[in-house]
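Trainee: I'm new to this one and would like to learn how to read it. Could you walk me through it, feature by feature?

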Amino acid sequence: SVHCEPEQIVITPGIQQSLYICSQILFEAKDEVWVEDPAYRGTTAIFEHAVQNIRMVRVPVDEEGFQVETGIKLSKQARAAFV
């Protein structure tokens with residue numbers, strides 16, 4: 001139940017293509033993105049190469065999931081979170 005317009009929808013054949021295209025659309029140089037730590041290497045590789053100088057902020061995951069409070073401490077201005 002997401003409210004959006006058709007031009008806001010991107011359909012791809014898989015997660016890696018989705019991440020690459022979305023990172024091209026959404027991020028600019030020096031943007032910060034929260035990424036789970038540990039993270040799938042395929043995800044971090046896309047963020048490393050999709051946009052020059054994007055900064056991945058690795059946020060720990062525990063038995064309850066993504067540690068949002070830690071993410072805020074590490075980077076309040078993060079533009080997105082990949083979980």
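**Reading the model together**

Mentor: Buried means under 20% relative accessible area, exposed means over 50%, and partly exposed is in between, using a 1.4 Å probe and protein chains only. Keep in mind that this is a predicted model, where local features need pLDDT of at least 70, side-chain atom pairs count only at pLDDT 80 or more, and totals for chains, interfaces and linings use all residues. Residues are numbered from 1 along each chain as its sequence is written, and side-chain values use heavy atoms, with hydrogens and water left out.

Trainee: Where does Ser-75 lie, and which residues is Ser-75 in contact with?

Mentor: Contact means heavy atoms within 4.5 Å. Ser-75 sits in the loop between α3 (68-74) and β4. Setting aside neighbours within four places in sequence, Ser-75 is in contact with Glu-32, Trp-34, Arg-55 and Val-57. As for those labels, helices (H or I, at least four residues) and strands (E, at least two) are DSSP runs, numbered from the N terminus.

Trainee: Okay, strands next. In which sense do β1 and β2 pair?

Mentor: The general rule is that two strands pair if DSSP finds at least two bridges between them. Here, β1 (residues 32-37) and β2 (residues 55-62) pair in the parallel sense, over six bridges. For example, Val-35 has Arg-58 in β2 as its bridge partner. To get from β1 to β2 the chain passes through helix α2 (residues 41-50), and this β-α-β crossover is right-handed. Right-handed means that, with the strands pointing away from the viewer, the path from the first strand over the helix to the second runs clockwise.

Trainee: And how does β2 pair with β3?

Mentor: β2 and β3 (residues 65-66) pair in the antiparallel sense, over two bridges. Asp-62 has Gly-65 in β3 as its bridge partner. The two strands β2 and β3 form a hairpin, with two residues between them.

Trainee: Which residues make up the largest nonpolar core?

Mentor: A nonpolar core is a set of buried Ala, Val, Leu, Ile, Met, Phe, Trp, Tyr and Cys residues joined through side-chain atoms within 4.5 Å. The largest one here has 10 residues: Leu-19, Phe-27, Val-33, Val-35, Ile-46, Phe-47, Ala-50, Val-51, Ile-54 and Met-56. Both β1 and α2 supply at least two residues each, and α2 gives the most, with three. Take Ile-54 as a case: leaving out neighbours within four places in sequence, Ile-54 is in contact with Phe-27, Lys-30, Asp-31, Val-33 and Phe-47.

Trainee: What covers the buried residues of α2?

Mentor: Those buried residues are Gly-42, Thr-43, Thr-44, Ile-46, Phe-47 and Ala-50. Their cover includes α1 (15-26), β1, β2 and β4 (80-82).

Trainee: How many aromatic pairs does the structure hold?

Mentor: A pair of aromatic rings is described by the distance of the centres and the angle of the planes. Rings of Phe, Tyr and Trp (its six-membered ring) pair if their centres lie within 6.5 Å; planes under 30 degrees apart count as stacked, over 60 as edge-to-face and the rest as tilted. The structure holds three such pairs. One of them, Phe-27 with Phe-47, is edge-to-face, at 6.1 Å centre to centre and 75° between the planes. Phe-27 lies in the loop between α1 and β1 and Phe-47 in helix α2, so this pair ties together parts that are 20 residues apart in sequence. Phe-27 is buried at 9% relative accessible area, and Phe-47 is buried too, at 4%. Then there's Trp-34 with Phe-66: the ring centres are 5.9 Å apart and the planes are at 40°, so that pair is tilted. Trp-34 lies in strand β1 and Phe-66 in strand β3, so the pair ties together parts that are 32 residues apart in sequence.

Trainee: Last one: how many disulfides does a search of the whole structure find?

Mentor: A disulfide is a covalent bond between the sulfur atoms of two cysteines; the cut-off used is a pair of cysteine sulfur atoms within 2.5 Å. The search finds zero. For Cys-4, the nearest cysteine sulfur is that of Cys-22, 12 Å away. Cys-4 counts as partly exposed at 38% relative accessibility, and Cys-22 is partly exposed at 29%.
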